[in-house]
Amino acid sequence: MSIRPDGAALHARVTAALAAPVRGEIRDFAQALAELYDARAVLFYGSNLRSGSLDGVLDFYVLAGGPREKGLWPRVAYHEREHAGETLRAKVAVMRLSTFRHAAEGRHADTTIWARFVQPCALAWQADAQAGTEVTAAVEATCMTAARFAAALGDPQGTERDYWQALFRATYRAELRVEKPGREQQILEFGAGHFDGLLPAAWQAAGIAFDRADGRLQPHLLPQEREALVRRWERRRRLGKPLNVVRLLRAGTTFEGGARYLAWKVERHSGIVVPLTPFRERHPLLMSPVLLADYWRARRKRTATQGSG
């Protein structure tokens with residue numbers, strides 16, 4: 001059962017969420033990335049948004065101008081930036097804003113954009129007010145797409161948390177990710193303030209009627225509406241893992257700075273420094289088994305040294 005869409009509440013929530021405070025170092029990094037990729041906007045997300053920390057790897061989505069891309073997206077890169085004597089590190093996804101909006105609206109088989117950006121994110125940089133307006137509309141679309149599928153994949157009635165849990169469990173199964181049991185609960189706990197009240201606001205914006213009583217929600221989907229959404233979901237579920245496999249294989253040859261990223265991860269988690277050469281920098285996929293061999297060689301050498309001491 002549909003109602004006249006009312007997006008005022010969702011718009012207010014998304015606008016406030018995108019304006020979340022971000023450290024100056026992160027805004028400067030975002031601006032540098034925007035200049036490098038001639039971007040319209042840069043989104044910042046992930047655990048560092050929640051914690052405010054600069055440690056580890058920062059997560060950015062750089063949204064460029066131009067018509068919607070064909071083929072696979074986004075491109076992924078690893079970047080480093082020096083600040084006040086420390087090295088800031090970032091994993092950067094690059095795609096066009098028009099492609100981002102198309103995926104956010106659920107018009108692509110890929111689920112990663114709307115499943116990722118219904119979660120907290122901040123607008124770290126924008127080229128102008130129009131770019132900010134376009135990003136806001138795209139993030140609102142991620143919320144409506146996620147809310148529609150939540151209504152179809154969840155039980156006929158339940159708490160708001162029940163619906164989000166059902167949705168995230170389904171998206172994890174559809175993607176090529178191994179998550180610990182209960183990962184969807186962790187997401188909801190970390191973003192409790194963000195998700196509290198988001199589902200009703202998104203249903204209102206999407207024109208989905210619902211009842212609310214005693215903390216429980218009941219979306220009014222006609223049988224044919226639910227069936228249509230489930231069919232759309234099943235197509236995405238079938239294509240999800242193959243699509244992600246192809247994307248990972250592509251990233252293995254196109255991940256800019258991937259060799260430095262791998263070497264840094266090894267050093268961070270083991271304390272072992274693996275030297276890089278220009279060839280290894282240019283060929284991260286070929287470099288992976290060599291890096292692994294260097295790691296084991298260095299580890300054996302360190303173990304032997306410690307044993308003899």
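Tutor: Two strands pair if DSSP finds at least two bridges between them; strands (E, at least two residues) and helices (H or I, at least four) are DSSP runs, numbered from the N terminus. This is a predicted model, in which local features need pLDDT of at least 70 and side-chain atom pairs count only at pLDDT 80 or more, while totals for chains, interfaces and linings use all residues. Residues are numbered from 1 along each chain as its sequence is written, and side-chain values use heavy atoms, with hydrogens and water left out.

We begin with the sheet. It is open and is formed by 5 strands in the order β3-β4-β2-β1-β5, with mixed pairing. The edges are taken by β3 and β5 (121-126), each with a single partner strand, so one side of each lacks a neighbour in the sheet. From one strand to the next the twist averages 30° (angles run from 0 to 180 degrees between N-to-C directions, and axes are lines fitted to C-alpha atoms, for helices over the stretch in contact).

In the loop between α2 (24-37) and β1 (39-45) lies Asp38, which has a positive phi of about 50° although it is not a glycine. Asp38 is exposed, with a relative accessible area of 65% (exposed is over 50%, buried under 20%, and partly exposed in between, for a 1.4 Å probe and protein chains only). Ala84, in the loop between β3 (75-83) and β4 (86-96), also has a positive phi, near 50°, and is likewise not a glycine. Its relative accessibility is 74%, and Ala84 therefore counts as exposed.

Helices lie across the sheet. Helix α2 lies across β1, β2 (57-64), β3, β4 and β5, running at about 130° to β3. Helix α1 (residues 8-18) lies across β1 and β5, at about 65° to β5.

From α1 we pass to α6. The axes of α1 and α6 come within 10 Å and cross at roughly 120°, and the two helices are therefore oblique to each other (under 35 degrees is roughly parallel, over 145 roughly antiparallel, 65 to 115 roughly perpendicular, and the rest oblique). Leu10, His11, Val14, Thr15 and Leu18 of α1 meet Val135, Thr136, Val139, Glu140, Cys143 and Met144 of α6 (contact means heavy atoms within 4.5 Å). These residues divide into 7 nonpolar, 3 polar and 1 charged (Ala, Val, Leu, Ile, Met, Phe, Trp, Tyr, Cys and Pro are nonpolar, Asp, Glu, Lys and Arg charged, and the others, Gly among them, polar).

Helix α6 (residues 129-153) also packs with helix α10 (residues 198-206), at an angle of about 100° and with axes 8 Å apart; α6 and α10 are therefore roughly perpendicular to each other. Here Cys143, Met144, Ala147, Arg148, Ala150 and Ala151 of α6 touch Leu198, Leu199, Ala202, Trp203, Ala205 and Ala206 of α10. By class, this contact has 11 nonpolar, no polar and 1 charged residues.

Finally, Ala138 is in helix α6 and counts as buried, at 0% relative accessibility. Leaving aside residues up to four places away in sequence, Ala138 touches Phe100, Arg101 and Ala104. Ala138 and Ala104 are 34 residues apart in sequence and 6.0 Å apart in space, C-alpha to C-alpha.
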